[in-house]
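Welcome! Let's walk through this structure together, one piece at a time. Please take a look at the sequence and the model below before reading on.

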Amino acid sequence: MKMAAGKIQGRVLVVDDDADMLDLLTAELESRSYLVDKTNSLTTMKTLVRQHSYDAILLDLVIGPDNALEVLPYLAREAAFTKVVIMTAYGSVPLAVEATHKGASDFILKGDSVTSLVDRFLLHIPDESATQDSSMEELYQDIGLVGRSEAFREVLDMIARIRNTDANVLILGESGTGKELVARAIHRSSARGKERFVALNCAAIPETLLESELFGYTKGAFTDARSNRKGIFESCSDGTLLLDEIGELPLNLQAKILRVLQEHEVTPLGSTQSVKVNTRIIAATHRDLEEETLLGRFREDLYFRLNIIPIYLPSLRERKDDIEALTRSFIERFNKRYDKAIRFPSRDILARLEAYDWRGNIRELQNAIERAVVLSQDNVLHIEDILARKNRQRDNAGAGSPHESGEFETNYAAAKEAFERAFLLRLMGLARGSISEAARLSGRYRSDIYRLLAKYGIDAQQYKQEP
């Protein structure tokens, strides 16, 4: 929105050591009738702040050898009523997020509309995207993102803030918290929303097949390669690829993913020719990747590349206020699926749900509601169907057969899950936490073991024994 010529809208200080960016921002702000001072030095910035009263300061995150984080306490003291907007180049957003926690008013990626942000701060002009709030809410509900707790609203707010950027996103959180749903929301709300979205679980595909799935192959690259085949990176170019459970990615493939992020090209197996791709990467994991890098199990350079925009998904235990809305949403969904008319549960049952420790998070709640809907014969949800496993000794891997213990699970899906979990707990104990040994003992792929561990929220590390 152009400002009226001659009418000063506010005074802005621009601090950037990139001369071209400094001139560009200055010219753009002046064209919108802001009075602009500029400098490429933090020392000069401090002098100007003492001399003038600024409405806003646009501050580059890195000024030469200096980090803008270091001057935020100074600005908070000397320019307490000034809006400080951190500007960051590609790759520095985690620091910018930290800056907002230390007092910056906002952060923005270079290339985005900095002047629109200034307008919003100084002239109280609504963000144009605010008019899309209702459509965003519809998008979230359509995808399945339900909830209004403070912890969950922070996630939705972050999705809204990054929808006009193409930065890499790392979604963190326990298994079952809805990482794929958030990735879909990011994709659907972005400019790539009409292009292809692919979710690939890195733990669910054998290592021998994962590389060909990602990068494709040429005819004759290996025994069964009877024709050329595009990999996922190429087939969803211009779209978005979710690398779920990226913490399980083998180190050799981590190096190749890093090259894709750096060069925006892939080389199919059996080929010497690279293919340019324009695929946005969203990664997700339940692991602490920072710790994994310290242990040498995850490349530090890849971690920093992926962790441009970190989004932490709270567990269901951290958002108990959302259980009612989630339960209502699941009942509506499964009523349609199974052609039922299940009524919403009483306040007493909701209280039981809110008090329950949902170790499997939203996925466990969803499965519990589906089970209760299927089993109900009177259009009422019964707590014994919802929490069918609540009183069972699920962690007792050495328990006898259902007949010996006097229990018998008649629901096949629940019985299968109970067996899988008990089997996995016993297996990991025998293997002393070694994924490779567990795979050898069970005759399964390592990726199968990883998938089951993630499914049941079991940490293999707790079984490892000191030599």
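Which residue stands opposite Ile281 in β15? That residue is Leu241.

Before going further, here is some background. This is a predicted model, in which local features need pLDDT of at least 70 and side-chain atom pairs count only at pLDDT 80 or more, while totals for chains, interfaces and linings use all residues. Residues are numbered from 1 along each chain as its sequence is written, and side-chain values use heavy atoms, with hydrogens and water left out. Helices (H or I, at least four residues) and strands (E, at least two) are DSSP runs, numbered from the N terminus.

Now back to β15, which covers residues 280-285. Because 6 of its 6 residues are buried, this strand is largely enclosed by the rest of the structure; buried means under 20% relative accessible area, against over 50% for exposed and in between for partly exposed (1.4 Å probe, protein chains only). Arg280, Ile282 and Ala284 are buried on one side of β15, and Ile281, Ala283 and Thr285 on the other.

What lies alongside β15? Two strands pair if DSSP finds at least two bridges between them. Strand β12 (residues 240-244) runs parallel to β15, joined by 4 bridges. β8 (residues 169-172) also pairs with β15 in the parallel sense, again over 4 bridges, and here Leu172 has Thr285 as its bridge partner.

Stepping back, you can follow an open sheet of 5 strands in the order β9-β12-β15-β8-β16, with parallel pairing. Its edge strands, β9 and β16 (309-312), each pair on one side only. From one strand to the next, the twist averages 20 degrees. At the β16 end, β8 and β16 pair over 4 bridges, with Pro310 as the bridge partner of Leu170.

Next, find helix α9 (residues 207-215), where Leu210, Glu211, Ser212, Leu214 and Phe215 are buried. These buried residues pack against several elements, including β9 (197-201), β12 and α11 (251-263); contact means heavy atoms within 4.5 Å.

Finally, look at two helices, α7 (residues 150-162) and α8 (residues 179-189), whose axes come within 9 Å and cross at roughly 30 degrees. That angle makes α7 roughly parallel to α8, a description given to angles under 35 degrees. Val155, Ile159 and Ile162 of α7 meet Val182, Ala185, Ile186 and Ser189 of α8 in this contact.

Technical notes:
Axes fitted to C-alpha atoms, helices over the stretch in contact; angles between N-to-C directions. Parallel < 35°, antiparallel > 145°, perpendicular 65-115°, else oblique.
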